[in-house]
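I opened a new structure today.

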Amino acid sequence: MKYWSKFFIPTLKESPADAEIPSHKLLVRAGIVRKLGGGLYTYMPFGLRAIHKITQICREEIDRGGGIELWMPHVHPAESWTNGPRWAAAREIMFRADSASATLGAAKEPEFVLGPTHEEIITPIVKAEITSYRDLPKNFYQIATKFRNEIRPRYGLMRAREFIMMDAYSFDANDESATTSYMAMKAAYEAFFRRLGVQAIAVEADTGVMGGSFSHEFMVPAEVGDDDIIYCEESGYAANREKATSAIVPKDLAEAAPVGAVEEFATPGVTTIAQLEAAPYNVAADKQFKTLVYIGDGKPFIVILRGNDELEEAKLGSLGFALCRPATPEEIEPVLGAKPGSLGAVKGTIKDPGALAGIFADRAIQLVGNGTTGANKDGFHLRNVNVARDLAITKFGDFRRVRPGEPCPVSGKPLKVRRGIEVGHIFKLGTKYSEKYGAVYTDDQKQQHLMVMGSYGIGISRTMQAIIEQGHDADGIIWPWPVAPFQVLVCLLDPQAADAAEMARKVAEAAEQAGADVLVDDRAERPGVKFKDADLIGVPLRITIGGKGLKEGVIEMKWRHEKDVAKIPVAEALERVSAAVKAANDAAPKA
């Protein structure tokens, strides 16, 4: 049990000026964190209690899922990363940690970096320590601080430069065993979030710079989330925006026959889809081909979409380029022969086709069949362009952004969209890292094989804020019972009255003996201040004890998520409080 007067919960009446979302405002107002600088926060005593509870539940579930806890350094030799597969992609988010004696220059590579994640550290360790199939599978994890150089840190702990994370790494002898490890961790994540009392949805996700064959994100639905969840209630399908697909293109769609010869027509000043839709041209957007040029690993390539579709850039990762970005007009014109706005991929119109790494088309252009595109000649377009006859397509793929209302790829029912906060991510990495670092094992036939890896992360500090974002009202936080910093608040209205103070002590002890973490508000403050602070910090169960109530023979009991206040006879108080705590503990999701 803690007494508020001897503890430290520095609540605030006003929200900080830089806080944009409810959970960020409440983190500061409820005395959970204090800002040091952009993306850097001190976890105050009240907030640290929640972090410890979230961490412990995480540890229990990862252990149950086969994890073995260790601790790795935060400071990494840069060489550990330059020898790995993603130095070029990851270095932009990494902090340098050079020694004071190092001569730093703009062009000099760092001597040390702060770890944003630990694939590059754990893989060489496992390579050195595990050599036989008898030692596999293994899954190592840690719960530690991570560092990422966010260009624009915001939303409090949601996008911070320093944060607390559980990261785990599995090593298996083959793909089948790796899938088993992956599914065990997926189940551990589901149990973890269930025990926290927070809704988290597992969605199919893009693997990004991590690489690998597939991944899932765990998303907490919230209007302020950074990501969109595309989902279908009927089928259970769920994916983030970057990975989502739909059944908009039927699998049995017949190839459209040409409707006539390709014709060139003048379109002076027309450089957008919308301008070509307007009079006098009147070409509907879904009858246009949108031609985009990107640079992949230093070489240009073309992506073709329907005019009414948007590119989902993350899906370009399926093309296998390590680095990918939009091409500049100066890079486009020498290859295609025109500026953006008049571009196309019709055979024979590209100025230097040999310079291209490929022409990739979204499957939905098959719905166009015959359409209009740029002529690779400024101020001109081509009509009657047939997909099969006229476009030299290297490969079809899924590159478009899915829209709500499109048919679910599983059920065919309309897809829905909602915002979500990413709180966890799991990856089946395959052999990307083990190959780079030579992490092999010897089988029972004395043959060597690459270990098959998985990578798993949970944002512990981000999860705490996501819980607040999902559980709050106009008055403050509504903590789930399992992770509340304190579960019972004994609000003592007359701390100088001996009978009230004694009753508060007995009630607090009864709640504590029943299994609750208890805070006694013994401050010399007005009742209104205490009630406002109680709602603000969101302790689940409030017991109010005052001289007036004791004269009437009652104390008050109120659950934070309910409006009603129950008056409890003093004679029944200890038993009723104890029963309420036991019921809350029993109702909390179990392992």
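I took helices as DSSP runs of H or I with at least four residues, and strands as runs of E with at least two, numbered from the N terminus. On that basis I counted 15 helices and 31 strands in the protein. I note that this is a predicted model.

**Overall.** I fitted a box along the principal axes, and the C-alpha atoms fill roughly 95 × 65 × 50 Å. I checked burial next: 51% of the 591 residues count as buried. I then looked at contacts with a separation of 6 or more, and residues 24 or more positions apart account for 70% of them.

**Domains.** I found domain 1 at 20-73 + 115-228 + 417-468, domain 2 at 263-397 and domain 3 at 486-587. I put the C-alpha centres of domain 2 and domain 3 at 68 Å apart.

**α1 and α11.** I looked at how α1 (residues 22-29) packs on α11 (residues 460-470): the angle is about 110 degrees and the axes lie 8 Å apart. Angles of 65 to 115 degrees count as roughly perpendicular, and α1 and α11 therefore fall in that class. From α1, I listed P22, S23, H24, L26 and L27 in the contact; α11 supplies M464, Q465, I468 and E469. I sorted these contact residues into five nonpolar, three polar and one charged.

**α2.** I traced α2 over residues 45-64, which is 20 residues. Its end-to-end C-alpha reach is 29 Å, close to the 28 Å expected. I checked its buried residues, among them F46, I54, K53 and E61. Just after α2, I noted that G66 has a positive phi of about 105 degrees.

Definitions and conventions
Residues are numbered from 1 along each chain as its sequence is written. This is a predicted model: local features need pLDDT of at least 70, side-chain atom pairs count only at pLDDT 80 or more; totals for chains, interfaces and linings use all residues. Side-chain values use heavy atoms; hydrogens and water are left out. Axes are lines fitted to C-alpha atoms, for helices over the stretch in contact, and angles run from 0 to 180 degrees between N-to-C directions. Angles under 35 degrees count as roughly parallel, over 145 as roughly antiparallel, 65 to 115 as roughly perpendicular and the rest as oblique. Contact means heavy atoms within 4.5 Å. Ala, Val, Leu, Ile, Met, Phe, Trp, Tyr, Cys and Pro count as nonpolar, Asp, Glu, Lys and Arg as charged, and the others, Gly among them, as polar. Domain bounds come from an automatic or database domain assignment. The expected span of a helix is 1.5 Å times one less than its number of residues. Buried means under 20% relative accessible area, exposed over 50%, partly exposed in between (1.4 Å probe, protein chains only).
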